[in-house]
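Please have the sequence and the model in view while reading.

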Amino acid sequence: MIVSQFSILGACKKSDFLDKKPTTNILTPSTLTDFQNLLDNTTFLNATGGLAQLSADEYTVSYADWQTGSATERNAYVWAKDIYAGDTGIADWNQLYQEVFYANSVLDGLSKSDSAGTAQGQYIKGWALFTRAFAFYDLTRTFCKAYNAGTASTDLGIPLRLTSGIDYIAKRSTLQQSFDQVLNDLTTAAILLPAARPSANLNRPSKIAAYALFARINLDMRNYTQAESYADQCLGLYNTLIDYNTISITARSPFSTTNDELIYNTKQVTAYGLFTPTNSSSLGRVPGNIINLYNSNDLRLSVYFSQLSDGSYYRKRGYYGQGNYPFTGLATDEVYLIKAECLARREQTAAAMDELNQLLVKRYNNAGNYVPVTATSAADALAAILLERRKELMWRGLRWYDLKRLNMEGEGLTLTRVLNGVSYTLPPNDPRWVLPIPNDEIALSGIQQNPR
(Lines give C-alpha, C1' and ligand atoms only; values in the text may rest on other atoms or scores of the structure.)
Protein backbone atom coordinates (compact mmCIF):
# COMPACT_ATOMS: atom_id res chain seq x y z
CA MET A 1 0.00 0.00 0.00
CA ILE A 2 1.09 3.55 -0.71
CA VAL A 3 4.16 2.40 -2.58
CA SER A 4 5.39 5.88 -3.48
CA GLN A 5 5.74 6.82 0.16
CA PHE A 6 8.72 4.51 0.44
CA SER A 7 10.98 6.10 -2.17
CA ILE A 8 12.18 8.43 0.54
CA LEU A 9 14.97 9.42 2.85
CA GLY A 10 17.53 10.14 0.12
CA ALA A 11 17.42 13.91 0.34
CA CYS A 12 18.88 14.05 3.82
CA LYS A 13 22.56 13.06 3.98
CA LYS A 14 23.32 13.36 7.68
CA SER A 15 23.17 9.62 8.51
CA ASP A 16 23.77 6.42 6.55
CA PHE A 17 20.24 5.16 6.99
CA LEU A 18 18.96 8.13 5.04
CA ASP A 19 20.53 6.73 1.87
CA LYS A 20 18.95 3.29 2.19
CA LYS A 21 15.92 2.22 0.20
CA PRO A 22 13.22 0.65 2.37
CA THR A 23 12.79 -3.10 2.27
CA THR A 24 11.03 -5.58 4.50
CA ASN A 25 13.88 -5.24 6.99
CA ILE A 26 14.52 -1.54 6.49
CA LEU A 27 17.61 -0.13 8.10
CA THR A 28 16.08 2.19 10.67
CA PRO A 29 17.51 5.19 12.51
CA SER A 30 19.07 4.23 15.81
CA THR A 31 20.41 7.31 17.59
CA LEU A 32 18.70 10.43 18.86
CA THR A 33 20.69 12.41 16.31
CA ASP A 34 19.34 10.17 13.56
CA PHE A 35 15.80 10.64 14.80
CA GLN A 36 16.11 14.42 14.96
CA ASN A 37 17.73 14.63 11.53
CA LEU A 38 14.87 12.60 10.12
CA LEU A 39 12.18 14.84 11.63
CA ASP A 40 14.09 17.97 10.57
CA ASN A 41 13.97 16.87 6.92
CA THR A 42 11.56 19.50 5.66
CA THR A 43 12.04 18.32 2.10
CA PHE A 44 9.55 15.59 2.93
CA LEU A 45 7.91 16.77 6.13
CA ASN A 46 5.88 19.82 7.18
CA ALA A 47 3.49 19.70 4.24
CA THR A 48 -0.28 19.43 3.83
CA GLY A 49 -2.50 18.61 0.87
CA GLY A 50 -3.54 21.05 -1.85
CA LEU A 51 -6.48 19.32 -3.55
CA ALA A 52 -8.96 21.01 -1.25
CA GLN A 53 -7.44 24.40 -2.07
CA LEU A 54 -7.89 23.64 -5.77
CA SER A 55 -11.55 22.93 -5.09
CA ALA A 56 -12.26 25.93 -2.85
CA ASP A 57 -13.60 29.34 -3.87
CA GLU A 58 -10.54 31.51 -3.25
CA TYR A 59 -9.35 31.78 -6.86
CA THR A 60 -10.70 31.90 -10.38
CA VAL A 61 -9.27 31.21 -13.85
CA SER A 62 -10.35 32.00 -17.38
CA TYR A 63 -11.49 29.18 -19.64
CA ALA A 64 -8.37 29.54 -21.81
CA ASP A 65 -6.10 29.29 -18.78
CA TRP A 66 -8.13 26.43 -17.28
CA GLN A 67 -7.50 24.40 -20.43
CA THR A 68 -3.74 24.54 -19.86
CA GLY A 69 -3.90 22.87 -16.44
CA SER A 70 -3.26 19.25 -15.58
CA ALA A 71 -6.20 16.86 -15.45
CA THR A 72 -6.20 17.06 -11.66
CA GLU A 73 -6.19 20.85 -11.65
CA ARG A 74 -8.95 21.13 -14.24
CA ASN A 75 -11.20 18.52 -12.65
CA ALA A 76 -10.79 19.69 -9.07
CA TYR A 77 -11.72 23.20 -10.21
CA VAL A 78 -15.14 22.00 -11.47
CA TRP A 79 -15.65 19.26 -8.84
CA ALA A 80 -15.66 16.44 -11.38
CA LYS A 81 -16.40 12.95 -10.13
CA ASP A 82 -13.10 11.69 -11.53
CA ILE A 83 -10.60 14.29 -10.42
CA TYR A 84 -7.44 12.49 -11.54
CA ALA A 85 -8.41 11.24 -15.03
CA GLY A 86 -5.21 9.24 -15.37
CA ASP A 87 -2.92 11.45 -13.28
CA THR A 88 -0.85 9.37 -10.82
CA GLY A 89 1.54 9.99 -7.96
CA ILE A 90 -0.85 12.36 -6.19
CA ALA A 91 1.21 14.08 -3.49
CA ASP A 92 -1.82 14.88 -1.32
CA TRP A 93 -2.05 11.17 -0.52
CA ASN A 94 1.45 9.85 -1.12
CA GLN A 95 3.51 12.50 0.63
CA LEU A 96 1.21 12.65 3.63
CA TYR A 97 1.62 8.90 4.15
CA GLN A 98 5.33 9.40 3.59
CA GLU A 99 5.25 11.77 6.59
CA VAL A 100 3.46 9.06 8.57
CA PHE A 101 6.23 6.64 7.58
CA TYR A 102 8.90 9.04 8.82
CA ALA A 103 7.12 9.50 12.13
CA ASN A 104 6.61 5.76 12.56
CA SER A 105 10.28 5.08 11.76
CA VAL A 106 11.26 7.40 14.60
CA LEU A 107 8.73 5.93 17.02
CA ASP A 108 9.77 2.37 16.17
CA GLY A 109 13.41 3.29 16.58
CA LEU A 110 12.78 4.97 19.92
CA SER A 111 11.01 1.88 21.21
CA LYS A 112 14.32 0.02 20.88
CA SER A 113 16.58 2.82 22.07
CA ASP A 114 18.20 3.03 25.49
CA SER A 115 17.95 6.83 25.16
CA ALA A 116 14.18 6.94 24.74
CA GLY A 117 13.63 7.91 28.38
CA THR A 118 15.97 10.89 28.32
CA ALA A 119 14.63 14.41 28.04
CA GLN A 120 15.78 14.57 24.41
CA GLY A 121 14.27 11.17 23.66
CA GLN A 122 10.92 12.21 25.11
CA TYR A 123 10.97 15.46 23.13
CA ILE A 124 11.65 13.56 19.91
CA LYS A 125 8.83 11.14 20.70
CA GLY A 126 6.43 14.06 21.14
CA TRP A 127 7.67 15.58 17.89
CA ALA A 128 7.09 12.32 15.98
CA LEU A 129 3.62 11.88 17.45
CA PHE A 130 2.74 15.48 16.54
CA THR A 131 3.98 14.87 12.98
CA ARG A 132 1.87 11.73 12.65
CA ALA A 133 -1.19 13.43 14.13
CA PHE A 134 -0.89 16.38 11.75
CA ALA A 135 -0.54 14.08 8.72
CA PHE A 136 -3.41 11.79 9.72
CA TYR A 137 -5.62 14.79 10.41
CA ASP A 138 -4.86 16.36 7.05
CA LEU A 139 -5.65 13.10 5.25
CA THR A 140 -8.86 12.72 7.22
CA ARG A 141 -10.25 16.16 6.47
CA THR A 142 -9.43 15.83 2.76
CA PHE A 143 -10.48 12.25 2.03
CA CYS A 144 -13.33 11.83 4.54
CA LYS A 145 -16.68 13.42 5.28
CA ALA A 146 -16.95 16.34 7.65
CA TYR A 147 -17.03 15.00 11.19
CA ASN A 148 -20.50 14.24 12.53
CA ALA A 149 -20.62 12.65 15.98
CA GLY A 150 -23.84 10.83 15.05
CA THR A 151 -22.35 9.01 12.05
CA ALA A 152 -18.58 9.02 12.68
CA SER A 153 -18.58 5.42 13.94
CA THR A 154 -19.79 4.22 10.53
CA ASP A 155 -18.38 6.87 8.17
CA LEU A 156 -15.21 5.88 6.33
CA GLY A 157 -11.94 7.09 7.81
CA ILE A 158 -8.38 6.60 6.60
CA PRO A 159 -5.90 3.71 6.79
CA LEU A 160 -4.11 4.09 10.13
CA ARG A 161 -0.54 2.92 9.67
CA LEU A 162 1.02 2.80 13.14
CA THR A 163 4.34 1.09 12.39
CA SER A 164 7.03 1.64 9.76
CA GLY A 165 6.67 -1.92 8.42
CA ILE A 166 5.55 -1.97 4.80
CA ASP A 167 4.55 -5.61 4.34
CA TYR A 168 0.90 -5.29 5.23
CA ILE A 169 -2.14 -3.48 3.90
CA ALA A 170 -4.04 -1.27 6.32
CA LYS A 171 -7.71 -1.01 5.44
CA ARG A 172 -9.73 2.12 6.10
CA SER A 173 -10.71 2.70 9.70
CA THR A 174 -13.91 4.46 10.68
CA LEU A 175 -13.90 8.23 10.87
CA GLN A 176 -14.26 8.04 14.66
CA GLN A 177 -11.25 5.73 14.92
CA SER A 178 -9.28 8.12 12.73
CA PHE A 179 -10.06 11.13 14.88
CA ASP A 180 -9.45 9.12 18.06
CA GLN A 181 -5.96 8.22 16.81
CA VAL A 182 -5.19 11.83 15.90
CA LEU A 183 -6.34 13.10 19.29
CA ASN A 184 -4.53 10.34 21.19
CA ASP A 185 -1.26 11.08 19.39
CA LEU A 186 -1.68 14.78 20.00
CA THR A 187 -2.54 14.31 23.67
CA THR A 188 0.72 12.47 24.30
CA ALA A 189 2.65 14.94 22.16
CA ALA A 190 1.32 17.88 24.17
CA ILE A 191 2.67 16.32 27.36
CA LEU A 192 6.13 15.70 25.92
CA LEU A 193 6.74 18.85 23.88
CA PRO A 194 8.38 21.98 25.34
CA ALA A 195 6.25 24.96 26.32
CA ALA A 196 8.44 27.54 24.59
CA ARG A 197 7.96 28.52 20.96
CA PRO A 198 11.09 27.79 18.89
CA SER A 199 12.91 30.99 18.07
CA ALA A 200 13.88 29.92 14.55
CA ASN A 201 13.15 26.26 13.79
CA LEU A 202 9.41 26.60 13.38
CA ASN A 203 9.22 23.24 11.63
CA ARG A 204 9.55 21.89 15.19
CA PRO A 205 6.39 21.69 17.31
CA SER A 206 5.84 22.91 20.85
CA LYS A 207 3.01 22.74 23.36
CA ILE A 208 1.77 25.96 21.76
CA ALA A 209 1.51 24.17 18.41
CA ALA A 210 -0.19 21.16 19.97
CA TYR A 211 -2.85 23.36 21.59
CA ALA A 212 -3.34 25.33 18.36
CA LEU A 213 -3.81 22.10 16.42
CA PHE A 214 -6.19 20.78 19.08
CA ALA A 215 -8.21 24.00 18.70
CA ARG A 216 -8.33 23.66 14.90
CA ILE A 217 -9.34 19.99 15.03
CA ASN A 218 -12.05 20.53 17.61
CA LEU A 219 -13.42 23.43 15.58
CA ASP A 220 -13.64 21.09 12.57
CA MET A 221 -15.41 18.54 14.77
CA ARG A 222 -17.79 21.27 15.95
CA ASN A 223 -16.71 20.62 19.52
CA TYR A 224 -16.74 24.32 20.26
CA THR A 225 -16.28 24.08 24.03
CA GLN A 226 -13.10 22.04 23.61
CA ALA A 227 -11.89 24.26 20.76
CA GLU A 228 -12.22 27.34 22.97
CA SER A 229 -10.41 25.64 25.84
CA TYR A 230 -7.46 24.71 23.64
CA ALA A 231 -7.39 28.18 22.08
CA ASP A 232 -7.14 29.60 25.61
CA GLN A 233 -4.28 27.25 26.47
CA CYS A 234 -2.46 28.18 23.27
CA LEU A 235 -2.87 31.93 23.72
CA GLY A 236 -1.97 31.60 27.40
CA LEU A 237 1.48 30.47 26.27
CA TYR A 238 1.87 32.66 23.18
CA ASN A 239 -0.46 35.39 21.88
CA THR A 240 1.67 37.72 19.75
CA LEU A 241 0.06 39.48 16.80
CA ILE A 242 1.80 41.56 14.13
CA ASP A 243 0.73 45.18 13.68
CA TYR A 244 0.18 45.43 9.93
CA ASN A 245 1.02 49.13 10.13
CA THR A 246 4.62 47.90 10.38
CA ILE A 247 4.40 45.61 7.31
CA SER A 248 5.45 46.69 3.82
CA ILE A 249 2.39 46.95 1.60
CA THR A 250 4.52 46.81 -1.56
CA ALA A 251 6.73 43.80 -0.78
CA ARG A 252 6.06 40.68 -2.82
CA SER A 253 6.78 38.60 0.29
CA PRO A 254 5.55 40.76 3.19
CA PHE A 255 6.29 38.19 5.90
CA SER A 256 9.39 36.35 6.99
CA THR A 257 9.26 32.59 7.55
CA THR A 258 9.98 33.20 11.23
CA ASN A 259 7.59 36.10 11.79
CA ASP A 260 6.13 36.64 15.23
CA GLU A 261 2.65 35.23 14.50
CA LEU A 262 3.93 31.83 13.40
CA ILE A 263 3.46 28.86 15.70
CA TYR A 264 4.25 25.95 13.38
CA ASN A 265 5.35 26.10 9.76
CA THR A 266 3.88 23.88 7.05
CA LYS A 267 3.27 24.48 3.36
CA GLN A 268 1.00 23.09 0.67
CA VAL A 269 2.48 19.83 -0.55
CA THR A 270 2.57 20.87 -4.21
CA ALA A 271 2.28 24.26 -5.83
CA TYR A 272 -0.35 23.49 -8.47
CA GLY A 273 1.40 26.45 -10.07
CA LEU A 274 -0.99 27.17 -12.91
CA PHE A 275 -3.69 28.08 -10.46
CA THR A 276 -2.03 29.32 -7.28
CA PRO A 277 -2.38 33.13 -7.36
CA THR A 278 0.79 33.99 -5.48
CA ASN A 279 2.68 35.75 -8.24
CA SER A 280 1.90 37.89 -11.26
CA SER A 281 2.66 35.12 -13.77
CA SER A 282 0.23 32.63 -12.24
CA LEU A 283 -3.00 32.10 -14.14
CA GLY A 284 -5.21 32.06 -11.06
CA ARG A 285 -6.69 35.33 -9.84
CA VAL A 286 -8.42 36.38 -6.64
CA PRO A 287 -12.20 36.70 -7.24
CA GLY A 288 -13.60 40.20 -7.13
CA ASN A 289 -16.17 39.25 -4.51
CA ILE A 290 -13.30 38.53 -2.12
CA ILE A 291 -11.43 41.74 -2.91
CA ASN A 292 -14.64 43.67 -2.24
CA LEU A 293 -14.74 42.36 1.33
CA TYR A 294 -11.84 44.66 2.31
CA ASN A 295 -12.43 48.37 2.80
CA SER A 296 -9.85 51.03 2.06
CA ASN A 297 -8.55 51.18 5.65
CA ASP A 298 -8.05 47.42 5.86
CA LEU A 299 -4.31 46.93 5.44
CA ARG A 300 -4.82 43.30 4.45
CA LEU A 301 -6.00 44.50 1.02
CA SER A 302 -2.50 45.75 0.22
CA VAL A 303 -0.50 43.33 2.36
CA TYR A 304 -2.19 40.22 0.96
CA PHE A 305 -2.84 41.21 -2.67
CA SER A 306 -1.30 43.01 -5.64
CA GLN A 307 -3.27 44.50 -8.51
CA LEU A 308 -2.25 44.03 -12.13
CA SER A 309 -2.67 46.50 -14.97
CA ASP A 310 -5.83 44.73 -16.13
CA GLY A 311 -7.44 45.39 -12.73
CA SER A 312 -7.24 41.79 -11.52
CA TYR A 313 -5.55 40.74 -8.27
CA TYR A 314 -3.19 37.97 -7.31
CA ARG A 315 -2.34 36.73 -3.85
CA LYS A 316 1.13 37.66 -2.59
CA ARG A 317 3.35 35.17 -0.87
CA GLY A 318 2.17 34.61 2.66
CA TYR A 319 3.80 33.36 5.83
CA TYR A 320 5.71 30.62 4.02
CA GLY A 321 7.19 33.19 1.68
CA GLN A 322 8.72 30.87 -0.90
CA GLY A 323 7.53 30.24 -4.44
CA ASN A 324 3.95 29.18 -5.00
CA TYR A 325 3.67 27.03 -1.88
CA PRO A 326 1.02 28.59 0.37
CA PHE A 327 1.43 28.55 4.15
CA THR A 328 -0.89 25.99 5.76
CA GLY A 329 0.54 25.85 9.26
CA LEU A 330 -0.51 27.29 12.60
CA ALA A 331 -0.44 30.95 13.60
CA THR A 332 -1.87 33.10 16.36
CA ASP A 333 -4.35 34.98 14.16
CA GLU A 334 -6.23 31.73 13.47
CA VAL A 335 -6.33 30.93 17.18
CA TYR A 336 -7.82 34.34 18.02
CA LEU A 337 -10.53 33.70 15.43
CA ILE A 338 -11.26 30.24 16.85
CA LYS A 339 -11.59 31.72 20.32
CA ALA A 340 -13.87 34.50 19.06
CA GLU A 341 -16.11 32.10 17.12
CA CYS A 342 -16.50 29.78 20.09
CA LEU A 343 -17.45 32.70 22.35
CA ALA A 344 -20.08 33.81 19.85
CA ARG A 345 -21.50 30.30 19.60
CA ARG A 346 -22.08 30.25 23.35
CA GLU A 347 -23.67 33.70 23.11
CA GLN A 348 -20.90 35.65 24.81
CA THR A 349 -21.35 38.53 22.39
CA ALA A 350 -19.28 41.22 24.08
CA ALA A 351 -16.39 38.85 24.82
CA ALA A 352 -16.47 37.51 21.26
CA MET A 353 -16.23 40.98 19.78
CA ASP A 354 -13.46 41.94 22.18
CA GLU A 355 -11.47 38.92 21.00
CA LEU A 356 -12.09 39.80 17.37
CA ASN A 357 -11.10 43.43 17.88
CA GLN A 358 -7.80 42.41 19.47
CA LEU A 359 -6.98 41.00 16.04
CA LEU A 360 -8.53 43.69 13.86
CA VAL A 361 -6.85 46.62 15.61
CA LYS A 362 -3.61 45.15 14.24
CA ARG A 363 -5.00 44.97 10.71
CA TYR A 364 -6.35 48.47 10.06
CA ASN A 365 -4.57 51.64 9.02
CA ASN A 366 -3.76 54.08 11.83
CA ALA A 367 -4.45 51.57 14.56
CA GLY A 368 -4.69 54.34 17.16
CA ASN A 369 -7.86 55.56 15.47
CA TYR A 370 -9.37 52.12 15.01
CA VAL A 371 -13.13 51.96 15.66
CA PRO A 372 -13.97 48.57 17.20
CA VAL A 373 -16.48 46.35 15.45
CA THR A 374 -19.66 45.85 17.46
CA ALA A 375 -22.57 43.40 17.40
CA THR A 376 -26.05 43.56 18.90
CA SER A 377 -26.54 39.80 19.15
CA ALA A 378 -24.61 36.55 19.22
CA ALA A 379 -25.79 35.85 15.67
CA ASP A 380 -24.42 39.19 14.47
CA ALA A 381 -21.15 38.51 16.27
CA LEU A 382 -20.84 35.08 14.67
CA ALA A 383 -21.51 36.50 11.21
CA ALA A 384 -18.85 39.19 11.72
CA ILE A 385 -16.31 36.66 12.97
CA LEU A 386 -16.90 34.23 10.10
CA LEU A 387 -16.49 37.11 7.66
CA GLU A 388 -13.19 38.09 9.23
CA ARG A 389 -12.11 34.45 9.27
CA ARG A 390 -12.56 34.35 5.52
CA LYS A 391 -10.66 37.61 5.03
CA GLU A 392 -7.83 36.85 7.45
CA LEU A 393 -7.15 33.22 6.52
CA MET A 394 -7.30 33.65 2.76
CA TRP A 395 -5.37 30.92 0.94
CA ARG A 396 -4.22 29.17 4.11
CA GLY A 397 -5.67 25.78 3.15
CA LEU A 398 -8.68 26.18 5.47
CA ARG A 399 -11.54 27.46 3.33
CA TRP A 400 -12.71 24.09 1.91
CA TYR A 401 -12.89 22.59 5.38
CA ASP A 402 -14.67 25.65 6.75
CA LEU A 403 -17.30 25.26 4.04
CA LYS A 404 -17.75 21.57 4.87
CA ARG A 405 -18.10 22.37 8.57
CA LEU A 406 -20.48 25.28 8.08
CA ASN A 407 -22.69 23.22 5.80
CA MET A 408 -22.89 20.62 8.57
CA GLU A 409 -24.14 23.50 10.72
CA GLY A 410 -26.91 24.09 8.18
CA GLU A 411 -25.46 27.15 6.41
CA GLY A 412 -26.45 25.84 2.97
CA LEU A 413 -23.37 27.14 1.14
CA THR A 414 -23.22 26.29 -2.58
CA LEU A 415 -20.20 26.78 -4.83
CA THR A 416 -20.60 27.75 -8.48
CA ARG A 417 -18.14 28.27 -11.30
CA VAL A 418 -18.73 29.27 -14.91
CA LEU A 419 -16.38 28.24 -17.73
CA ASN A 420 -17.04 28.95 -21.38
CA GLY A 421 -20.69 29.59 -20.61
CA VAL A 422 -21.12 26.32 -18.73
CA SER A 423 -22.13 26.51 -15.06
CA TYR A 424 -20.76 24.01 -12.54
CA THR A 425 -22.36 23.71 -9.11
CA LEU A 426 -21.45 21.99 -5.87
CA PRO A 427 -24.44 21.95 -3.49
CA PRO A 428 -24.16 21.54 0.31
CA ASN A 429 -23.18 18.10 1.59
CA ASP A 430 -22.82 16.66 -1.92
CA PRO A 431 -20.61 13.52 -2.00
CA ARG A 432 -18.06 15.47 -4.04
CA TRP A 433 -17.11 17.46 -0.92
CA VAL A 434 -15.16 14.30 -0.05
CA LEU A 435 -12.21 14.11 -2.41
CA PRO A 436 -11.43 10.75 -4.01
CA ILE A 437 -8.48 8.61 -3.03
CA PRO A 438 -6.01 8.42 -5.94
CA ASN A 439 -6.89 5.65 -8.38
CA ASP A 440 -3.44 4.05 -8.29
CA GLU A 441 -3.76 3.64 -4.52
CA ILE A 442 -7.12 1.92 -4.94
CA ALA A 443 -5.63 -0.41 -7.55
CA LEU A 444 -2.60 -1.28 -5.42
CA SER A 445 -4.24 -1.72 -2.03
CA GLY A 446 -7.86 -2.51 -2.79
CA ILE A 447 -9.11 -0.12 -0.12
CA GLN A 448 -12.60 1.29 -0.50
CA GLN A 449 -13.01 4.38 -2.69
CA ASN A 450 -15.11 7.33 -1.67
CA PRO A 451 -18.48 7.37 -3.44
CA ARG A 452 -18.92 10.37 -5.77
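W93 counts as buried, because its relative accessibility is 0% (buried means under 20% relative accessible area, exposed over 50% and partly exposed in between, with a 1.4 Å probe and protein chains only). The model is predicted, so local features need pLDDT of at least 70 and side-chain atom pairs count only at pLDDT 80 or more, while totals for chains, interfaces and linings use all residues. Residues are numbered from 1 along each chain as its sequence is written, and side-chain values use heavy atoms, with hydrogens and water left out.

**Aromatic pairs**
- The whole structure holds 21 aromatic pairs, where rings of Phe, Tyr and Trp (its six-membered ring) pair if their centres lie within 6.5 Å, and planes under 30 degrees apart count as stacked, over 60 as edge-to-face and the rest as tilted.
- One of them is the tilted pair of W93 and Y97, at 4.9 Å centre to centre with 55 degrees between the planes.
- W93 and Y97 are 4 residues apart in helix α5 (residues 91-111), and are therefore separated by about one helical turn; helices are DSSP runs (H or I, at least four residues), numbered from the N terminus.
- Y97 is also buried, at 0% relative accessibility.

**Aromatic cluster**
- One aromatic cluster is formed by Y244, F255, Y294, Y304, F305, Y319 and F327.

**Charges over rings**
- R315 lies over the face of Y304, 4.7 Å from the ring centre, where a charge sits over a ring if NZ of Lys or CZ of Arg is within 6 Å of the ring centre and within 35 degrees of the ring normal.
- R417 lies over the face of Y77, at 3.9 Å from the ring centre.

Note on methods
Helix = DSSP H or I, 4+ residues; strand = E, 2+ residues; numbered from the N terminus.
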